[in-house]
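Visitor: I would like to go through this model and ask what stands behind each label.
Guide: Then let us look at the structure and take the labels in turn.

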Amino acid sequence: MRFLTCLVAAYVAAGSLAYAAPPLEAYGKLPAIDLVSLSPSGTRFALVARDGEARKIFVRRADGQAELVAPMGAAKVRSLEWAGDDHLLTTISATVGSPISGLVRQEWSAIYHFGIPQGPNYGVFQKSKTYIDAVFGWYGSAKVGGKWYAYVGGISYEKVRTRSSQGAIQPDLYRIDLETREVDLLDTAGAGRRRWVVGADGAVVGHSAYDARGLTYSLHNGTSRDAFLTRRAGEGEFVLVGLGRTPGSLLVGQRGAETQVAREFRPGGPADGEVLLADASDSEALFDRETRLLIGMTSPLGATLFDPAHQRRVDAARKAFPNERTVLVDYDKTFDRMVMLTDGPKDSGTYWLVDIARKSATPIGYVRPEVKTADVGPMRVVSYKAGDGLAMDGILTLPPGREAKGLPLVVLPHGGPLVPGDKAGFDWWAQAFASRGYAVFQPNYRGTVGYGEPFRRAAYGQFGRKMQTDISDGVAALAAQGIVDPRRACIVGASYGGYAALAGVTVQQGLYRCAASVAGPTDMSKFIIWVRTRTGMDQRSVRFWKELSGASEGQDLDEISPVRLAARADAPILLIHGRDDTVVPLEQSLLMEKALKQAGKSVELVNMAGEDHWLSGEPTRQLMLARTIAFVEQHNPAQ
């Protein structure tokens, strides 16, 4: 039995014919199916899928019957959330300018409501004369008095008109009646940045606040301004995640000296809370679909549920895919139905609807249906040690059908930089290079999240220094094993990975035959100044970059800034950048292009109109992929 046959092509395993790589478009397209979301009862599921060349939102019943088809055009859909079984809330984002003085150019979000099956359909705050047409935070939904409400952060025009001359405008908490669109103010943000937790009854259980003036974090019950916990910045910062295991409790992630700890604060409990997970750096919370209480945690190793019955059902679902990486995507309120996403050595990505009662796993659709089993390059974890002895690993993807010996190499460091690392699963960019005959190495350099707090902290002061040599140390380890030819290596990356690519041929030398940077920072001093101008009084991002780069300790940023070292570039460079980038400004690539040309170095710049930092648009993603692969093939042929 197979669902959504009208949306995706049938998945046919490759036969025994000689290997021929799929076209690059098969890798560079946006997923054919994405963001699968199961309603609380498990009777409906929603998803974003490709229908011909168009992307649409589909809602179907579990028996396959279609109930909604909504064209999305070029909208950047970020999430699908259910409020009960009859309300679907779609978050989209767009890069906007500054229609209101005091608000910088940024990626703004909006929420669109679909009533299933008959409406009403509308945008939250859309065309409002009272509120800015954007949503600044999603705090869930609740059924109160027989009616469904959504809870969001919003900003009124009145607040903009009466704002103080100092400090950023902070969003307040609003409740939206999903049938009538009536808006109620539940709590004001005041001067500090706040995050709220709303219970299943619609009441505010608690909130957190950050005081940019006093540099303090605080936790509060309900909407009270009296804090029950306060910490100064640098003394255990925390983030409010959601409800804890019992009504009235709060789940908090708190960074300590050794680990990022998950703590639960509950009425009458310990003042410092109860530790639920000693190392939560690579974990996410799972919440009940009705009560919204914490019911477990998930990590790359799998899901851990507090209820043994739920755990048995998740374990049973995972057993259906013994040789694939399996991710629990969504679940109904009883875990009788679940959505799983698999990928691995023979799978470029498949969404499954698991039905425990029927003991069935039915494919919902395929992420990249044009990439067949024989097209997936084998991937594995490679362990090695950095020059200072620090243990680390990376993901090695090999070209299909080629012996792992003396291969040309593409080094592909991840962005972030302090984010969860790469795993041994299908990566569209790595697999595209592998399909062209390259081994691809994705190093999880120091600072990568998921290896403990000491590993993360080891990155501070090492931006462009040991973080950079961690990458080349991994290349040397692969060369020592005879897997790759170190004389035939290029380095490619996006965001921090783009910086690492440029640093690989300027800060470092003699390692790579070419370097391609997508949206990478190039001048760290100017980049930090740019961050300061955008964040106003809230200087947490500035402190982060200063600590990471070593500027807070007086280290010279020119020594790690590729734009200042352009004359040292010892390989051709490709720069790609989106004009709508609100994370790393286009100016950073323009400065690098100018410096390289003045130094007489080989450089190409691809300036992408309408693209953001995340390559959200399919045409520009395709352009990026085609240009980076053509560039590498020109300067480092695979054959």
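Guide: This is a predicted model. We can start at the hairpin of β15 and β16, which has five residues between its strands and in which glycine 222 takes a positive phi near 55°.

Visitor: What makes β15 and β16 a pair of strands?
Guide: Pairing needs at least two bridges. Five bridges join β15 to β16, so the two strands count as paired. They run antiparallel. One of the bridges links histidine 220 to its partner in β16, alanine 227.

Visitor: How do you know that β14 pairs with β15?
Guide: By the bridge count again: six bridges join β14, residues 204–211, to β15, residues 216–221. Against a requirement of at least two, they are therefore a pair. Their direction is antiparallel. Glycine 206 has asparagine 221 in β15 as its bridge partner.

Visitor: Which sheet do these strands belong to, and why is β13 called an edge strand?
Guide: The sheet is open, has four strands in the order β13-β14-β15-β16, and its pairing is antiparallel. β13 (193–198) pairs on one side only, as does β16 (227–232), and these two are the edge strands. Neighbouring strands in this sheet are turned by 15° against each other on average, direction ignored.

Visitor: What makes β17 and β20 edge strands?
Guide: They belong to an open sheet of four strands with antiparallel pairing, ordered β17-β18-β19-β20. β17 (238–243) and β20 (274–277) each have a single partner strand, so one side of each is left without a neighbour in the sheet. The twist here averages 35° from one strand to the next.

Visitor: How do you know that β19 and β20 are paired?
Guide: Three bridges join β19, residues 260–265, to β20. At least two are required, so the strands pair. They run antiparallel, and glutamate 264 stands opposite glutamate 274 in β20.

Visitor: What makes helix α4 largely enclosed?
Guide: Eight of the eight residues of α4, residues 428–435, are buried, so the helix is largely enclosed by the rest of the structure. The buried residues are Trp428, Trp429, Ala430, Gln431, Ala432, Phe433, Ala434 and Ser435.

Visitor: Why is the disulfide called right-handed?
Guide: The torsion about the S-S bond is about 115°, so the disulfide is right-handed.

Visitor: Why is proline 572 called buried?
Guide: Its relative accessible area is 18%, and since the cut-off is under 20%, proline 572 is buried. Proline 572 is in the loop between α9 (540–549) and β34 (573–578). Its C-alpha is separated by 8.6 Å from that of alanine 516, 56 residues apart along the chain.

Visitor: What makes proline 443 buried?
Guide: Proline 443 has a relative accessible area of 0%, so it falls under the 20% limit. This residue is found in β31 (439–444). Proline 443 and isoleucine 471 are 28 residues apart in sequence, with 5.9 Å between their C-alpha atoms.

Visitor: How many cavities of 30 Å³ or more does the structure hold, and which residues line the largest cavity?
Guide: The structure holds one of 30 Å³ or more. The largest cavity has a volume of about 30 Å³. Its lining consists of Arg255, Gln260, Ser281, Val449, Gly450, Gly452, Glu453 and Arg456.

Technical notes. Residues numbered from 1 in each chain as written. Predicted model: local features only at pLDDT ≥ 70, side-chain atom pairs only at ≥ 80, totals over all residues. Heavy atoms only, no water. Axes fitted to C-alpha atoms, helices over the stretch in contact; angles between N-to-C directions. Buried < 20%, exposed > 50% of the residue type's maximum accessible area, 1.4 Å probe, protein only. Disulfide = S-S within 2.5 Å. 1 Å grid on protein atoms, 1.4 Å probe; cavity = no way out; pocket = protein on both sides within 12 Å on 5 of 7 lines; lining within 4 Å. Points joined across faces, edges and corners; volume = space filled by probe spheres on them.
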